[in-house]
Amino acid sequence: MASRGLPRALRCARVAAPRSVLSSALPRPALAKAAAAAVPRMTINQQPIRGLKQITFADSTETVYEREDWPREKLQEFFKNDTLALIGYGSQGHGQGLNLRDQGLNVIVGVRKDGASWKEAVQDGWVPGKNLFDVDTAVEKGTVVMNLLSDAAQSETWPALKPKITKGKTLYFSHGFSPVFKDLTKVDVPEDVDVILVAPKGSGRTVRTLFREGRGINSSIAVFQDVTGQAKEKAIAMGVAVGSGYLYETTFQKEVYSDLYGERGCLMGGIHGMFLAQYEVLRERGHSPSEAFNETVEEATQSLYPLIGGNGMDWMYAACSTTARRGAIDWSSRFRDNLKPLFNELYDRVQDGTETQRSLDYNSQKDYREKYEKEMQEIRDLEIWRAGKAVRSLRPENQK
Ligand SMILES: NC(=O)c1ccc[n+]([C@@H]2O[C@H](COP(=O)([O-])OP(=O)(O)OC[C@H]3O[C@@H](n4cnc5c(N)ncnc54)[C@H](OP(=O)(O)O)[C@@H]3O)[C@@H](O)[C@H]2O)c1
């Protein structure tokens, strides 16, 4: 399959990658190697049950659940007696809620009446008194309570919500944060309910877009407490219902550790820090803003990172010049060795609850939205991101 797709994929790679790093003519054997290498190094064994796969990575075998096994009719049958009460309408509430509604399931939204989320929910077609309620009412009505409040708000509202999550209901999270760090969050789950997790690996906006494209995001699923013996099946069904394509099993603890670590690291904080450091050095050494931006962000996001996402790191290397490859291979180990102690410090701070406490303290302040907006404005005002805005404005799609 990979070799058949190669010429087209390679043409795309050539078009996508800028001249500075692309080889002018990759020899055919190198192309064939790149194509062969692009085949993921894992085994996928199709199991007899439709939509269930086993993936063997190195020394572990994982079961991956697929939405193929849960068509709409089966989901509707599975949840026919349920009211899915989605509490909170931030990024995840929006994406998961609209997907559940489109699946034809009985879903209601619960948010505070004076908040920004209420207005957003109304704009998205949720109707007050019909499928939009205040938080308390929605929790009372729900049989599956989907706690998609901000993590800080989950802690703050818990004393009021807990008594309403009665025997027979299911408690659902999209992050292990609240129950795993219960000593800090005080979210001690009732003993007589199933507690499950579906954590989409991406923003709620992407949950929605991928669902609408007929694809589906990757999500982690986990069971914290299984009272009925059906918690795992519920987690899988909920995972598909909210719009996931593939579901990977984990535990609440592993999910929260990896998630807090990853977003502070390569996914957001670390990559932003790397961009800033590289850009600042280029500027201090006399390069223009556009050159510094293009060489730091534009080429990364528009050309090289999509190649990594499509077929892996070696595929991206293969699409670049021998000069670029040599330097990248040499310097990647320097960066790894220098950054690893920082990543270990970060993991320690996640594990010992320091990062959780910081998040709770900051995000439970009444004016957290205003403070966050001020920080975002400071980021927007940085030269690198102003340069980015100028560079993006030249794209054909932004020329109208
Ligand atoms: N965003 C992601 O990319 C992502 C990905 C995977 C998992 N998750 C997890 O999904 C969950 C929801 O995250 P999110 O990003 O969608 O939402 P969020 O932005 O963290 O939370 C927003 C929601 O919390 C409500 N809220 C905040 N303080 C409140 C309070 N004191 N009382 C009542 N409601 C309050 C807001 O309502 P108002 O508008 O009224 O303030 C809003 O509806 C979290 O557990 C998060 O870790 C998020």
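This is a predicted model: local features need pLDDT of at least 70, side-chain atom pairs count only at pLDDT 80 or more; totals for chains, interfaces and linings use all residues.
Helix H14 bends by about 60 degrees at Ala-300. Two packed helices are described by the angle between their axes and the distance between the axes.

**Helix H14**
- Helix H14 comprises 23 residues, 289-311.
- At 1.5 Å a residue, H14 should span 33 Å, and its end C-alpha atoms lie 31 Å apart, which agrees.
- Ala-300, the site of the bend, is one of the buried residues of the helix.
- Gly-312 follows H14 and has a positive phi, near 105 degrees.

**Helices H4 and H10**
- The axes of H4 (residues 91-102) and H10 (residues 204-212) come within 6 Å and cross at roughly 25 degrees.
- Because angles under 35 degrees count as roughly parallel, H4 and H10 are roughly parallel to each other.
- From H4, Ser-91, Gln-92, His-94, Gly-95, Gln-96, Leu-98, Asn-99 and Asp-102 meet Gly-204, Arg-205, Val-207, Arg-208 and Phe-211 of H10.
- By class, this contact has three nonpolar, seven polar and three charged residues.

**Helices H7 and H17**
- H7 (residues 151-161) packs against H17 (residues 354-363) at an angle of about 75 degrees, with the axes 8 Å apart.
- This angle makes H7 roughly perpendicular to H17, since 65 to 115 degrees counts as roughly perpendicular.
- Asp-151, Ala-152 and Ser-155 of H7 make the contact with Ser-359, Leu-360 and Asn-363 of H17.
- The contact of H7 with H17 has two nonpolar, three polar and one charged residues by class.

Methods. Residues are numbered from 1 along each chain as its sequence is written. Side-chain values use heavy atoms; hydrogens and water are left out. Helices (H or I, at least four residues) and strands (E, at least two) are DSSP runs, numbered from the N terminus. The expected span of a helix is 1.5 Å times one less than its number of residues. The bend at a residue is the angle between axes fitted to the seven residues ending there and the seven starting there. Buried means under 20% relative accessible area, exposed over 50%, partly exposed in between (1.4 Å probe, protein chains only). Axes are lines fitted to C-alpha atoms, for helices over the stretch in contact, and angles run from 0 to 180 degrees between N-to-C directions. Angles under 35 degrees count as roughly parallel, over 145 as roughly antiparallel, 65 to 115 as roughly perpendicular and the rest as oblique. Contact means heavy atoms within 4.5 Å. Ala, Val, Leu, Ile, Met, Phe, Trp, Tyr, Cys and Pro count as nonpolar, Asp, Glu, Lys and Arg as charged, and the others, Gly among them, as polar.
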